[in-house]
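Hi,

Here is the structure I promised to pass on. Have a look at it first, and then read on for what turned up in it.

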Amino acid sequence: MVTIADVAAAAGVSISTVSYVMSGKRTISQDTRERVESAIAKLEYSPHASARSLASRSTNVIGLQAPLRAGVDVHVIMEIVAGVVKEARDNHYDILLLTSDDADGLVNAARGSRVDALMVMDIESEDPRIATLRELSTPTVLIGLPSGAGDLICVDFDFEAAGRLAAERLAALGHTRVALFGAPAEVLERHTSYAVRLNRGFLAACEELGITGSVHACPSSADAVDAVDAVLDEDAAITGILFHNEAALPHVAAHVRNDETKRDVIALSPLQLVHGVAGLVDTIEVPATEIGAAAARAILDALEGETTERVRLLQPRFAGASAV
């Protein structure tokens with residue numbers, strides 16, 4: 001007996017996509033619809049009670065693992081989550097927030113039939129959750145870019161390109177000794193993907209440009225002023241700074257810019273988090289809400305059986321500039 005799963009396999013789509021084509025509950029692309037209808041006709045598939053039951057197992061819920069680990073900026077995380085939620089709701093999906101930080105929470109949600117798909121945040125370069133995700137049959141999108149993602153779908157901001165862009169701007173402003181003050185030490189110790197890529201891009205561009213660059217961990221608090229001062233006291237020749245620590249930025253930017261050396265500071269941050277911050281020569285926007293929306297679109301495409309690019313990185317831009 002031909003089942004809805006047989007039709008999905010023949011059409012190269014998910015079971016839920018076949019169900020949507022038959023029910024008309026969601027808009028499906030013409031190409032996908034034609035593939036499904038062709039498979040139905042070829043296999044002479046006719047829905048029956050058990051098939052309808054199988055199709056109805058869709059929960060219309062996406063699990064989002066957003067662990068609030070030490071050093072993580074909650075404001076940025078919540079902006080990404082907001083982007084995910086809006087895009088999901090616009091497409092009739094709910095979000096189940098998973099606050100665990102290990103693979104067990106993902107397994108429980110997937111194998112307990114609580115969700116149709118998984119999205120995972122706070123990705124490390126060598127993330128231990130990836131092996132488990134590969135074993136699950138649940139469609140998955142990573143909001144981040146680990147070194148061993150393989151065939152998993154990854155959506156993120158291009159932090160490596162942002163590091164390069166900032167170094168190039170500082171060099172163009174005439175600085176020959178520059179520094180990146182970034183994530184707190186605990187984030188760097190976890191080898192969190194975005195921080196690793198930002199550091200790599202910044203230092204690589206400095207080397208290519210023939211300027212001296214360095215990277216430094218920074219506390220996410222008023223203590224950042226002392227941490228930055230300690231570095232600058234030791235190396236007073238640093239005159240160009242890239243700052244990527246949204247919580248510490250208001251404490252540091254004006255303090256650094258207004259001292260007698262007149263250093264130039266570029267912030268890497270969502271724009272709403274730099275409003276009212278004095279002492280910046282420019283800001284490279286981190287489009288946090290759009291990162292979340294793009295990740296949600298990627299998982300919705302996967303659920304519909306649509307082909308999607310394995311890695312999508314939103315490109316950096318200076319505030320007020322057009323997108324790259």
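Before the strands come up, one term: two strands count as paired if DSSP finds at least two bridges between them. Also keep in mind that this is a predicted model.

Strand S4 and strand S5 (residues 153-157) run parallel and are joined by three bridges. Within that pairing, Leu142 stands opposite Cys154 of S5.

**The six-stranded sheet**

S4 and S5 belong to an open sheet of six strands, in the order S2-S1-S3-S4-S5-S11, with parallel pairing. Strand S2 (94-98) and strand S11 (311-314) are at the edges with a single partner strand each, so one side of each has no neighbour in the sheet. From one strand to the next, the twist averages 20°. On this sheet packs helix H6 (residues 103-111), which touches S1, S2 and S3 and whose direction makes about 160° with that of S3.

Strand S1 (residues 61-65) pairs with S3 in the parallel sense, over four bridges. Here Gly63 is opposite Leu118 of S3, and Leu64 is opposite Met119 of S3. On to the next pair: S3 and strand S4 (residues 140-143) are also parallel, over three bridges. Leu118 has Thr140 of S4 as its bridge partner, while Val120 stands opposite Leu142 of S4. To get from S3 to S4 the chain goes through helix H7 (residues 129-135), and this β-α-β crossover is right-handed.

Which way do the residues of S3 (residues 117-120) point? Ala117 and Met119 point one way, Leu118 and Val120 point the other way, and all are buried. The general rule behind this is that side chains in a regular strand alternate between the two faces of the sheet. S4 has both faces covered as well: Thr140 and Leu142 on one side, and Val141 and Ile143 on the other, are all buried.

**The five-stranded sheet**

There is also an open sheet of five strands, ordered S7-S6-S8-S9-S10, again with parallel pairing. Its edges are strand S7 (212-216) and strand S10 (282-285); each has a single partner strand, so one side of each is left without a neighbour in the sheet. Neighbouring strands here are turned by 20° against each other on average, if you ignore direction. Strand S9 (residues 264-269) pairs with S10 in the parallel sense over four bridges, and Leu268 has Ile284 of S10 as its bridge partner.

Two helices to look for on this sheet. Helix H8 (residues 159-172) packs on it and touches strand S6 (177-181), strand S8 (240-243), S9 and S10, with its direction at about 165° to that of S9. Helix H11 (residues 224-234) lies across S6, S7 and S8 and runs at about 160° to S6.

How do helix H1 (residues 4-11) and helix H2 (residues 15-23) cross? Their axes come within 8 Å and cross at roughly 100°. Since angles of 65 to 115 degrees count as roughly perpendicular, H1 is therefore roughly perpendicular to H2. On the H1 side the contact is made by Ile4, Ala5, Val7 and Ala8, and on the H2 side by Ile15, Val18, Ser19 and Met22. By class, that is seven nonpolar residues, one polar and no charged ones.

**Two loop residues**

Arg26 sits in the loop between H2 and helix H3 (30-43). Is Arg26 buried or exposed? With a relative accessible area of 9%, Arg26 is buried, as the cut-off for buried is under 20%. Leaving out neighbours within four places in sequence, Arg26 is in contact with Tyr20, Arg33, Asn91, Tyr93, Leu300 and Glu304. Val274 is another matter: it is 248 residues from Arg26 along the chain, and their C-alpha atoms are separated by 39 Å.

Asn245 is in the loop between S8 and helix H12 (249-257). At 5% relative accessibility, Asn245 counts as buried too. Not counting residues up to four places away in sequence, Asn245 touches Gly182, Ala183, Pro184, Cys218, Pro219 and Ser220.

Cheers

Note on methods: Residues numbered from 1 in each chain as written. Predicted model: local features only at pLDDT ≥ 70, side-chain atom pairs only at ≥ 80, totals over all residues. Heavy atoms only, no water. Buried < 20%, exposed > 50% of the residue type's maximum accessible area, 1.4 Å probe, protein only. Right-handed = clockwise from strand over helix to strand, strands pointing away. Axes fitted to C-alpha atoms, helices over the stretch in contact; angles between N-to-C directions. Contact = heavy atoms within 4.5 Å. Parallel < 35°, antiparallel > 145°, perpendicular 65-115°, else oblique. Nonpolar A, V, L, I, M, F, W, Y, C, P; charged D, E, K, R; others polar.
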